[in-house]
Amino acid sequence: MKTPRFALLALSYLAFISLGLPDTVIGVAWPSIRDRFGVSQAGLGFVLSVGVAGYVVSSVFAGRAVVALGVGRLLAASCALVALGLTGYALARAGRCSCRWPR
C-alpha cells in the first residue's frame with residue numbers, strides 16, 4: 001500500500017517543479033524570443049496577459065478537474081501539458097510565426 005502513496009507524493013513534487021518552470025522560462029528566454037521573432041518589448045505584455053488569463057481559467061475549473069480526474073491524473077496531465085508547451089518554445093523558429101505582434 002505504500003507504493004501508490006509514494007508515487008503520488010513523487011508525482012506531486014514533480015508537478016510542483018514542472019508547473020513553475022514556464023513562469024521562469026519566459027523571463028530568461030524573452031530576449032532570445034524577442035530578437036528571433038523581431039518583436040518589441042511590448043510583446044512581453046501580451047505573452048504575460050495570456051498567461052494570466054490561463055491562470056484564471058485554470059483556477060476556475062480546478063475543482064471540477066480534480067473531481068473528474070482525481071489528483072494523480074490531473075497532476076500527470078498538467079505535467080504533460082507543461083512539457084508540450086516548453087517543447088513549443090524549443091521548436092519555434094523565426095519566420096514561422098503568423099501572429100500580429102506589436103512591433
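Start by colouring the chain by confidence: H1 is lowest, at a mean of 78, and H2 is highest, at 89. That score is pLDDT, the predictor's confidence in each residue, from 0 to 100. Over the chain the average pLDDT is 80, and 86% of the residues score at least 70.

This is a predicted model, in which local features need pLDDT of at least 70 and side-chain atom pairs count only at pLDDT 80 or more, while totals for chains, interfaces and linings use all residues. Residues are numbered from 1 along each chain as its sequence is written, and side-chain values use heavy atoms, leaving out hydrogens and water.

**Stop 1: the helices**

Helices (H or I, at least four residues) and strands (E, at least two) are DSSP runs, numbered from the N terminus. Of the chain's 103 residues, 12% count as buried; buried means under 20% relative accessible area, exposed over 50%, and partly exposed in between (1.4 Å probe, protein chains only).

**Stop 2: the largest pocket**

Next, select Pro22, Asp23, Gly51, Tyr55 and Tyr89, which lie nearest the centre of the largest pocket among its 39 lining residues. A pocket here is an open set of points on a 1 Å grid over the protein atoms alone, where a 1.4 Å probe fits, with protein on both sides within 12 Å along at least five of seven lines; lining residues have an atom within 4 Å of a point. The volume of the largest pocket is about 1300 Å³, counted as the space filled by probe spheres set on the points, which are joined across faces, edges and corners.

Which helices supply the lining? Helix H1 (2-37), helix H2 (42-69) and helix H3 (71-91) each give at least two residues, and H2 has the largest share, with 14 residues. By class, the lining has 30 nonpolar, seven polar and two charged residues. Ala, Val, Leu, Ile, Met, Phe, Trp, Tyr, Cys and Pro count as nonpolar, Asp, Glu, Lys and Arg as charged, and the others, Gly among them, as polar.

**Stop 3: the nonpolar core**

Now select Ile26, Trp30, Ile33, Val39 and Leu44, the five residues of the largest nonpolar core. H1 provides the largest share of this core, three residues. Such a core is a set of buried Ala, Val, Leu, Ile, Met, Phe, Trp, Tyr and Cys residues joined through side-chain atoms within 4.5 Å.

Zoom in on Leu44, in helix H2. Leu44 counts as buried because its relative accessible area is 19%. Leu44 and Gly27 are 17 residues apart in sequence and 9.2 Å apart in space, C-alpha to C-alpha.

Gly43 is also in helix H2, and is buried at 0% relative accessibility. From Gly43, pick Trp30: the two are 13 residues apart in sequence, with 9.5 Å between their C-alphas.

**Stop 4: Ser78**

Finish in helix H3 at Ser78. Is Ser78 buried or exposed? With 18% relative accessibility, Ser78 counts as buried. Show its side chain: a polar atom there lies 2.9 Å from the backbone oxygen of Leu75.

Notes:
Polar contact = N/O pair within 3.5 Å; in protein donor to acceptor, adjacent residues only side chain to side chain.
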